[in-house]
Amino acid sequence: IAKQGQLVGLMVELGDRLGIFRQMAHQGSATVEEWAGRLGLAPRPLAEWLYGMAAAGLVDHAEGRFELPEAGTWVLAEEERSLFFAAGIFGGSHPADLVEAVSSLMVTGRGMPYDDLGPETAVALELMTGPFNRAGLVPMVLSRAPGLVERLAEGIRVADVGCGAGVAAETIATSFPTCMVTGVDPSRNAIERAVSRAGGGSNLEGLVGSAEELEGEFDLVFTVDLPRQQSTPSEEG
């Protein structure tokens, strides 16, 4: 919950910094593309921001249209006229280089390399996804595939693509010691975290790279908590 609050706080800071709230105030509803044109922001990251704000209950969303509600206007946009303006309290709550990088992303649509966010990001994602992977991956997910748990118990070769800090891969390696598990991720920070935490388990290895760099044959290849592939800025024109 605290982590979710931090993310919402960052989005509010961005909305205030980029003038999104002020330009949405009293303007009714519009689609992502319409708001992007009015705000001069890239549609893809703006869509993520709008959906995030809608999930937090700060922006109204219905049938693909987004609107800053009247109550939100007085809290987030009316800095000069409102006794209840609160967007400013989020300023300075996050690292300046992070806010600058995400602000640039909102304008250009071009992201920053994951590892540029620092090794603590891999740790934070581990804390968010680790509990379910440890407690639920085998009994709630893998067990639903007919015969899979039995195959794992016999010993097969497994690849976790986009393994992050490696909690899911480590869970399988620990639960099924006769399996050989490879975790692959483009983040060096994440793989270093996975390797250091695993403590050199003989049936678990980490690889910095992509799925294309895996060698040999695998009996099971899976992904956990990965975003779907998006087009690159060049493909979007």
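Modeller: A polar contact, in the sense used here, is a pair of N or O atoms within 3.5 Å, of which, within protein, one must be able to donate a hydrogen and the other to accept it. The structure above is a predicted model.

Colleague: What makes the pair T182 and E205 a polar contact?

Modeller: The side chains of T182 and E205 are joined at 2.6 Å, and the cut-off is 3.5 Å, so the pair is counted as a polar contact. T182 has its place in strand β4, and, leaving aside residues up to four places away in sequence, T182 touches V158, A159, D160, E205, L214 and F218.

Colleague: Why is T182 called buried?

Modeller: T182 has a relative accessibility of 2%, and buried means under 20%, so T182 counts as buried.

Colleague: Which residues of the largest nonpolar core touch the most other members?

Modeller: They are L46 and W49, in a core of 27 residues. The elements giving two or more residues to this core are α1, α2, α3, α4 and α6, and α4 provides the largest share, five residues. Not counting residues up to four places away in sequence, L46 touches I20, V32, W35, A36, L39, L41 and M106. A second, separate core has 17 residues, among them I156, A173, L220 and F222. As a general background, nonpolar side chains in soluble globular proteins tend to be buried together.

Colleague: Which residues of helix α10 are buried, and what covers them?

Modeller: In α10, which spans residues 188-198, the buried residues are N189, A190, I191 and A194, and their cover includes helix α7 together with strands β4 and β5.

Colleague: How do you know that a side-chain oxygen of S187 makes a polar contact with the backbone nitrogen of N189 at the start of α10?

Modeller: The side-chain oxygen of S187 reaches to within 3.4 Å of that nitrogen, and the cut-off for a polar contact is 3.5 Å, so the distance meets it. After α10 comes G199, whose phi is positive, near 70 degrees.

Methods
Residues are numbered from 1 along each chain as its sequence is written. This is a predicted model: local features need pLDDT of at least 70, side-chain atom pairs count only at pLDDT 80 or more; totals for chains, interfaces and linings use all residues. Side-chain values use heavy atoms; hydrogens and water are left out. A nonpolar core is a set of buried Ala, Val, Leu, Ile, Met, Phe, Trp, Tyr and Cys residues joined through side-chain atoms within 4.5 Å. Buried means under 20% relative accessible area, exposed over 50%, partly exposed in between (1.4 Å probe, protein chains only). Helices (H or I, at least four residues) and strands (E, at least two) are DSSP runs, numbered from the N terminus. Contact means heavy atoms within 4.5 Å.
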